[in-house]
Amino acid sequence: NFQAIQMAAEAGASSFMLNVCGQIESVELPHYDYIFLIYQFVHGDDWERVLGLEEGVSQLSSKSADVRGLHAFAFPVEVTFKSTNPHGWPQLVVTALGTDIWGNQVVRGYSVCHLPMQPGRVTKRVPLFAPQSSSLMSKLQGLMQSEHPLYTDPKILGQGQGRQVTRVRSLGQMTLNFSTSMKNTRALGYQLLPGENFGAAAAM
Amino acid sequence: MAEVHVIGQIVGASEFPENDLFCKWEAHFGPAWKRLQGEVSGQTQVDCPASGEMAYFAHPIDLHFATRGLQGWPKLHFEVFHYDWAGRSSLVGYGFAHVPSQPGLHKIDCVTWRPTGSFMDEVSSKFVGGGIQLKRPDLVYELHDRRNVHSTAGGKVHLELSVILRNFDKFGVEC
């Protein structure tokens with residue numbers, strides 16, 4: 001209600017909070033049998049993670065024996081952020097890892113998506129892609145020495161700079177769901193959803 | 001000052017004759033708008049999909065504007081290129097999309113077109129490579145007379161953008 005919003009604004013609320021609870025439901029990566037996931041958050045300098053893990057590691061999954069060939073994780077993602085600015089809205093970067101025939105850990109794919117920017121519940125399907133060698137020679141060499149291309153820091157996927165030199169192969173999908181709530185966004189004058197026109201009344 | 005945040009991704013592109021694609025993008029806006037934060041242009045990764053028709057870019061866009069007026073509302077313009085087996089790029093589509101004026105999450109399919117040359121241009125382009133390009137790319141997103149351009153449909157660029165508005169209601173603007 002407008003009185004509460006006005007009071008919060010007068011109290012000088014200068015930051016808002018974002019609370020996201022959800023899970024990485026499943027991954028479709030039919031090529032690979034054993035997969036586990038590591039997730040991380042990428043965000044701007046105005047953002048601070050106040051609750052939740054910096055990095056989450058999932059269980060090891062074997063693909064289902066049926067026609068779906070599915071990796072089901074039901075891996076919880078719960079995080080709370082505090083910020084003064086929507087710029088740099090947090091993104092979830094997930095690395096899918098497996099083991100090759102020699103037992104070395106290799107990256108099977110990456111995915112990146114923003115945490116939701118509206119309160120509510122949403123299910124997302126996000127593509128997984130793996131970086132490719134830049135030339136045929138390095139690809140053959142990599143196969144022989146069991147070195148697969150990977151990003152030295154997966155957080156690069158949270159930015160646009162430097163992506164133009166990368167070549168990738170998209171090869172699967174990840175399904176996630178999030179339930180999102182915010183605090184103080186209205187008090188700071190932010191309109192996140194259509195049809196909210198509260199400012200005119202609050203000014204009365 | 002009213003502020004607009006445009007945050008999301010260029011998800012990918014589909015329905016092009018080839019699937020190994022990348023995309024260049026640029027944001028354009030009128031003089032009443034000022035970019036406070038965020039990159040206004042970029043180029044995505046090249047995706048060569050393992051299966052299916054969609055090339056995925058997963059390229060983040062995070063722009064923060066301040067504005068004094070509604071004129072010159074920001075728009076994003078795209079150039080989609082095909083990356084062939086020899087590492088050459090040829091243009092396969094131009095398109096643009098206005099940033100939505102309504103706050104919330106938007107899934108946008110942006111149609112593209114490519115210029116068509118003469119019969120000889122099309123034949124040589126098939127053998128030598130390299131698509132036909134516009135001399136003045138601003139024709140794609142500005143209100144110019146296009147009567148001398150002949151074009152053919154390209155595929156679609158898929159965007160997922162969230163728009164956050166600030167203080168628009170204080171200025172009496174309804175979005």
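How many aromatic pairs does a search of the whole structure find over all chains? The search gives 15, where rings of Phe, Tyr and Trp (its six-membered ring) pair if their centres lie within 6.5 Å, and planes under 30 degrees apart count as stacked, over 60 as edge-to-face and the rest as tilted.

Before selecting anything, note that this is a predicted model, in which local features need pLDDT of at least 70, side-chain atom pairs count only at pLDDT 80 or more, and totals for chains, interfaces and linings use all residues. Residues are numbered from 1 along each chain as its sequence is written, chains are lettered from A and ligands numbered from 1 in the order in which they are written, and side-chain values use heavy atoms, with hydrogens and water left out.

Select A:Phe41 and A:Phe81. Their ring centres are 5.6 Å apart and the planes stand at 80°, so this pair is edge-to-face. A:Phe41 lies in strand S2 (residues 34–42) and A:Phe81 in strand S6 (residues 71–83) of chain A, 40 residues apart; helices (H or I, at least four residues) and strands (E, at least two) are DSSP runs, numbered from the N terminus. A:Phe41 is buried at 6% relative accessible area, and A:Phe81 is buried at 0%. Buried means under 20% relative accessible area, exposed over 50%, partly exposed in between (1.4 Å probe, protein chains only).

Move to chain B and select B:Trp33 and B:Trp73. With centres 5.0 Å apart and planes at 70°, these rings are also edge-to-face. B:Trp33 is in strand S3 (residues 33–37), while B:Trp73 is in the loop between strand S6 (55–67) and strand S7 (75–83) of chain B. Both are buried.

Next, centre on A:Trp89. Leaving aside neighbours within four places in sequence, its contacts (heavy atoms within 4.5 Å) include A:Leu115 and A:Met182, and also B:Ile7, B:Asp62 and B:Ile164.

A:Trp89 also belongs to the largest nonpolar core, of 36 residues, and is among those with the most contacts inside it, as are A:Ile24, A:Leu37, A:Leu92 and A:Leu115. Such a core is a set of buried Ala, Val, Leu, Ile, Met, Phe, Trp, Tyr and Cys residues joined through side-chain atoms within 4.5 Å. Apart from it lies another core, of 32 residues, among them B:Leu21, B:Trp33, B:Leu63 and B:Phe65.

Finally, show all of chain A, which has three helices and 11 strands. Of its 204 residues, 50% are buried.
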